[in-house]
Amino acid sequence: MRKFDFSSGISIIFVAALATVAYFYQDIAMGTVRLILEKGYLKIFLNMAIGIIVFTHSLKVQSQNSSRSLLVKSGFLPIDISLTIGTYMAVSTTACSLLEGAFLQQFYDVTYFLKFDQLDIYVLIGVSALLLWYVALHIYQLGVELLFPVVTPELSSEVMHNKSRQQDASKAGASA
């Protein structure tokens with residue numbers, strides 16, 4: 001018999017509730033998305049998250065030889081941090097700008113791209129969403145690795161055996 005995955009159930013309920021709210025309050029949802037894109041709140045949030053997580057991850061986790069590394073590796077940590085943060089910020093800012101223009105052109109009477117047809121705008125929305133997903137996923141993975149480090153058990157080694165022998169010898173010497 002299979003066991004119910006509680007977290008997946010919660011995710012399904014959350015997405016269903018979000019879709020229901022968006023369906024019944026479509027004008028409010030569209031206005032909220034427009035506000036977030038036009039005011040630049042998404043850019044600000046992403047850039048702050050990128051800067052904080054990449055910088056903190058590179059100092060704390062990177063020094064411990066983690067499996068995930070910086071996007072750019074030159075061998076000099078300050079340059080690596082700067083290039084990684086700059087790359088992620090450039091991709092996310094560009095994707096937000098393209099998404100804003102495509103969203104406003106497709107759903108409102110604003111013309112950003114003069115020679116783009118409707119299909120081009122939908123593709124642009126998809127590509128922008130994919131770029132944002134890429135950045136968000138990588139930043140999420142770095143954040144998880146930062147906040148929930150993997151503890152590796154120490155394997156039996158000659159050093160551990162020598163320690164146990166020394167302890168046994170000291171106990172034997174103390175009892176004699």
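Gly143 sits in helix α5.

A quick word on the source. This is a predicted model, in which local features need pLDDT of at least 70 and side-chain atom pairs count only at pLDDT 80 or more, while totals for chains, interfaces and linings use all residues. Residues are numbered from 1 along each chain as its sequence is written, and side-chain values use heavy atoms, with hydrogens and water left out.

Now the whole chain. It has 6 helices and 0 strands; these are DSSP runs numbered from the N terminus, with helices being H or I of at least four residues and strands E of at least two. Of the 176 residues, 24% are buried.

Which angle do α3 and α5 make when they pack? Helix α3, residues 41-60, and helix α5, residues 118-147, meet at about 40 degrees, with axes 9 Å apart. Those axes are lines fitted to C-alpha atoms, for helices over the stretch in contact, and angles run from 0 to 180 degrees between N-to-C directions. That makes α3 oblique to α5: under 35 degrees counts as roughly parallel, over 145 as roughly antiparallel, 65 to 115 as roughly perpendicular, and the rest as oblique.

Who makes the contact, meaning heavy atoms within 4.5 Å? On α3, the residues include Ala49, Ile53 and His57, and on α5 they include Leu132, Ile139 and Gly143. By class, this contact has 11 nonpolar, 3 polar and 2 charged residues. Here Ala, Val, Leu, Ile, Met, Phe, Trp, Tyr, Cys and Pro count as nonpolar, Asp, Glu, Lys and Arg as charged, and the others, Gly among them, as polar.

There is another helix pair to look at. The axes of α2, residues 26-39, and α4, residues 77-107, come within 10 Å and cross at roughly 140 degrees. α2 and α4 are therefore oblique to each other. Among the residues in contact are Met30, Val33 and Leu37 of α2, with Leu99, Phe103 and Phe107 of α4. This contact has 8 nonpolar, no polar and 3 charged residues.

Definitions and conventions:
Contact means heavy atoms within 4.5 Å. Buried means under 20% relative accessible area, exposed over 50%, partly exposed in between (1.4 Å probe, protein chains only).
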